[in-house]
Amino acid sequence: MKLTVDLSLLHQAVKTMGADIIDFELSSELIPIEPIDKQLSEGLEVNFEDIEFDTGLASYQGRQVLLYIKDHGSRVLTALEDGSRGNKFHIADCVTLDDMRKRGRFERYVVTNNLTESFPVSGIVWETNQIVEGETQLKVCKNCLNHLNYKGYKTKPKGPIFHAFSLADFFDTYSSFFKFMPSGVANSQIPHYTKDWDEVSKGIRQKFNYQCQQCGVDLSRNKRLLHVHHINGVKSDNRDSNLTPLCCDCHRKQPNHQHMFIKHEETKLIARLRNEQGLNVKESWKDIYDLADPGVHGVIDLLEKYHVSLPEVGQQIQNEKREVVAELELSWPLKKVGVAINKPEAVAATKLGWKVYSMRHALSRIEQLTNNLR
Ligand SMILES: [Zn+2]
Ligand SMILES: [Zn+2]
Ligand SMILES: [Zn+2]
């Protein structure tokens with residue numbers, strides 16, 4: 001169920017009374033849970049053809065998912081004993097899946113956005129002809145990590161990236177690509193804050209004039225986007241010295257901050273405000289990582305290796321009437337080349353003579369992209 005509240009009449013009434021409109025915030029956002037969300041958190045068996053890979057990531061009905069083959073046949077006991085010997089789960093349109101597609105082998109896949117890392121598997125023991133079911137910890141497909149250049153998988157030591165892989169972290173990285181967030185996560189999202197947290201948080205944000213202490217963006221007109229971060233990670237430690245206000249984009253990029261699922265609209269708004277406030281200083285690739293959406297970090301990693309010039313982040317594209325038709329995540333305005341997260345924005349910019357790559361195509365056609373920049 002989605003609630004949309006139109007407050008314009010109320011605001012009008014407040015105005016005629018001569019009162020000020022007070023900016024109010026909902027401390028926890030309502031997350032609509034549809035039947036499909038429930039099914040996906042439990043795992044849903046679907047046909048391979050119904051899984052979408054538009055963005056390069058696996059998705060089902062607009063939700064990011066992972067997919068795996070539940071049926072392990074006679075290997076089920078081995079898989080239950082040691083999940084790393086079971087089927088790998090896929091998160092992207094990797095070469096393994098592409099191979100299967102080419103060979104016309106369409107097995108039944110379970111798609112899920114359950115992030116507990118525990119996977120129901122089944123199979124049959126030949127000796128006893130017995131059907132076995134259970135849960136095990138399957139591992140991520142390495143070809144998928146390579147396909148996405150996840151955390152720089154193509155260019156950095158692969159072992160540590162594979163072993164440190166966490167589904168929560170992974171889904172969080174690409175949350176901007178999807179309209180819906182995984183409901184299983186949404187429920188576990190409420191952190192263990194103290195009772196007086198709302199008051200404490202408000203006080204800290206006021207004290208710092210609603211300014212992010214990392215990127216410096218002024219959010220006094222968008223207070224909702226300013227979080228208060230516990231520097232030592234302990235959510236009950238509310239000493240002043242342990243609290244600092246961070247915009248939601250800087251906050252999500254702090255270590256161990258999965259489960260934040262910041263919407264693309266919000267990061268775009270922050271990018272726009274940084275631009276307007278002259279804060280979008282780009283002197284090194286490190287600045288680009290800090291400014292850009294984590295979902296394009298894999299692309300940035302490759303661009304850095306190709307030694308191209310630093311891109312703009314969150315650049316607005318205007319048409320002849322000076323209307324903003326798109327905001328490109330990464331762009332080189334002089335060459336009219338860019339990388340977009342959303343398809344409609346890519347299409348709009350293309351109509352104005354830009355060459356725009358999706359994350360997927362930026363990764364797979366990196367040479368072509370970089371050649372366009374020379
Ligand atoms: Zn894969
Ligand atoms: Zn910030
Ligand atoms: Zn924090």
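Me: Before we start, what makes a residue count as buried here?
Reply: A residue is buried if 20 or more other C-beta atoms lie within 10 Å of its own. This is a predicted model, and the C-beta atoms are placed from the backbone. So the cut-off for buried is 20 or more.

Me: OK, then how many residues of strand E10 are buried?
Reply: E10 covers residues 312-318 and is mostly covered. Of its seven residues, the buried ones number five.

Me: Which strand does E10 join, and how many bridges are there?
Reply: The partner spans residues 324-332, and the two strands run antiparallel. Within that pairing, glutamine 316 has glutamate 327 as its bridge partner. The strand is E11, and the bridges number six.

Me: In the hairpin of E10 and E11, which residue takes a positive phi?
Reply: Five residues sit between the two strands of this hairpin. One of the hairpin's residues has a phi near 60 degrees, and that is arginine 322.

Me: Zooming out, what share of the chain is buried?
Reply: The chain has 374 residues, with 16 helices and 13 strands as its secondary structure. The buried share comes to 36%.

Me: Leaving aside neighbours within four places in sequence, which cysteines is cysteine 247 in contact with?
Reply: Its contacts include Val217, Leu219, Leu225, Leu226 and Ile270.

Technical notes: Residues are numbered from 1 along each chain as its sequence is written. Chains are lettered from A and ligands numbered from 1 in the order in which they are written. This is a predicted model: local features need pLDDT of at least 70, side-chain atom pairs count only at pLDDT 80 or more; totals for chains, interfaces and linings use all residues. Helices (H or I, at least four residues) and strands (E, at least two) are DSSP runs, numbered from the N terminus. A residue is buried if 20 or more other C-beta atoms lie within 10 Å of its own, exposed if 12 or fewer, and partly exposed in between; C-beta atoms are placed from the backbone. Two residues are in contact if their C-beta atoms, placed from the backbone, lie within 7 Å. Two strands pair if DSSP finds at least two bridges between them.
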